[in-house]
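Reader: I am new to reading structures. Could you take me through one part of this one closely, and show me how its aromatic rings are arranged?

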Amino acid sequence: MSATERMPLVGHVQYDVVQKRKGMSWRAVLGLAVQGLFVAIAIAEVVLCAFVGFTVGVGVGVISLLWSSYAVAVVYPQFYHRLCSSAPIAPQLPFWLRLPIHLVSAFLYAWVLALFLVRIASPSPNVAAFPQACRGDTPNCTRVAASNVRGAGLAPPMFNTSAAAVQHDVLGWIETQPRATVLRSEPSTGFVHARFLSLLLGFPDDFYASVFCDGAAAVVWTQSQARLGSGDSGVNNKRVTEFLVWLKRQSFGSGAC
């Protein structure tokens with residue numbers, strides 16, 4: 001091929017590059033910047049949710065990252081072609097076709113951002129003993145101990161068996177609950193601390209149990225409290241009630257504590 005024959009090809013490539021640059025408007029640049037920020041937040045959210053074993057959060061984060069890649073390829077085809085030069089440039093979609101993509105993206109991004117903020121705002125407290133009282137003056141705690149907070153009609157159960165046997169069953173109950181993780185268990189003191197996560201956003205609740213001897217009987221104190229916010233929609237009261245009802249149905253071998 002002669003030099004004169006190569007010139008149109010070079011000119012065509014230069015023209016194509018200029019056209020691509022012209023196609024990157026400030027709106028496209030802003031949109032891509034938002035996409036990049038979201039990808040960084042989504043990756044951090046996946047890591048944080050994986051750290052606490054919250055599979056719903058991990059799944060939402062991974063799906064959102066895949067959706068973000070799809071949205072960039074469809075909404076910003078020229079930019080995607082720059083990243084993957086082997087891929088052909090897709091035609092620019094009209095607004096009425098881009099709108100559903102933007103709406104789905106906004107929903108997923110808001111969900112991921114909420115998951116990320118919940119994880120950042122709710123680190124696990126380092127608690128080594130049963131709390132002396134509910135944390136703060138908020139109606140998001142149920143306590144059944146020497147004095148109750150909520151928990152109407154409930155009383156600390158007593159069993160004619162060893163504290164170790166009761167604590168074993170307490171741990172067994174926690175392990176059967178969805179999105180529950182034992183954070184601390186002290187056989188010497190009978191103290192148990194567990195974390196419960198809500199289904200969609202992973203809001204954490206702290207569940208505490210203390211099994212101790214009162215004379216020959218093993219006594220169980222319980223407290224469950226939301227780690228964030230001022231309300232819990234009655235979730236903690238329901239959890240403590242179900243736990244105590246379940247525990248009282250268990251059969252233990254007789255013996256002194």
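Author: **A close look at helix H6**

Start with the residues of H6 that are buried: Ala 163, Val 166, Gln 167, Asp 169, Val 170, Leu 171, Trp 173 and Ile 174. This is a predicted model. What do those buried residues pack against? Their partners are strand S2 (158–159), strand S3 (180–186), S4, strand S5 (204–214), strand S6 (217–226) and H7.

Now check the length of the helix. H6 has 13 residues, and at 1.5 Å a residue they should span 18 Å. The end C-alpha atoms of H6 lie 19 Å apart, which agrees.

Next, the rings. A pair of aromatic rings is described by the distance of the centres and the angle of the planes. The structure holds 12 aromatic pairs. An α-helix has 3.6 residues a turn, so residues three or four places apart point the same way. Trp 67 is partly exposed, at 22% relative accessible area. Tyr 70 is also partly exposed, at 41%.

Back to H6 and its Trp 173. The ring of Trp 173 pairs with that of Phe 243: the centres are 4.9 Å apart and the planes are at 55°, so this pair is tilted. It links distant parts of the chain, with Trp 173 in helix H6 (residues 163–175) and Phe 243 in helix H7 (residues 235–248), 70 residues apart. Are these two buried or exposed? Trp 173 has 5% relative accessibility, and under 20% means buried, so Trp 173 is buried. Phe 243 is buried too, at 0%.

Trp 173, Phe 196, Phe 207 and Phe 243 form one aromatic cluster. The charged end of Arg 239 sits over the ring of Phe 196, 4.3 Å from its centre.

Last, confidence. The chain has a mean pLDDT of 86, and 84% of its residues reach 70 or more. Confidence is highest in strand S4 (residues 191–197), at 98. It is lowest in helix H1 (residues 3–23), at a mean of 42. Over residues 1–21, pLDDT stays under 50. Where pLDDT is low, the predicted coordinates should not be read in detail.

How values were computed
Residues numbered from 1 in each chain as written. Predicted model: local features only at pLDDT ≥ 70, side-chain atom pairs only at ≥ 80, totals over all residues. Heavy atoms only, no water. Phe/Tyr/Trp six-rings, centres within 6.5 Å; stacked < 30°, edge-to-face > 60°. Buried < 20%, exposed > 50% of the residue type's maximum accessible area, 1.4 Å probe, protein only. Helix = DSSP H or I, 4+ residues; strand = E, 2+ residues; numbered from the N terminus. Lys NZ or Arg CZ within 6 Å of the ring centre and 35° of its normal. pLDDT = per-residue confidence, 0-100. Contact = heavy atoms within 4.5 Å. Expected span 1.5 Å × (residues − 1).
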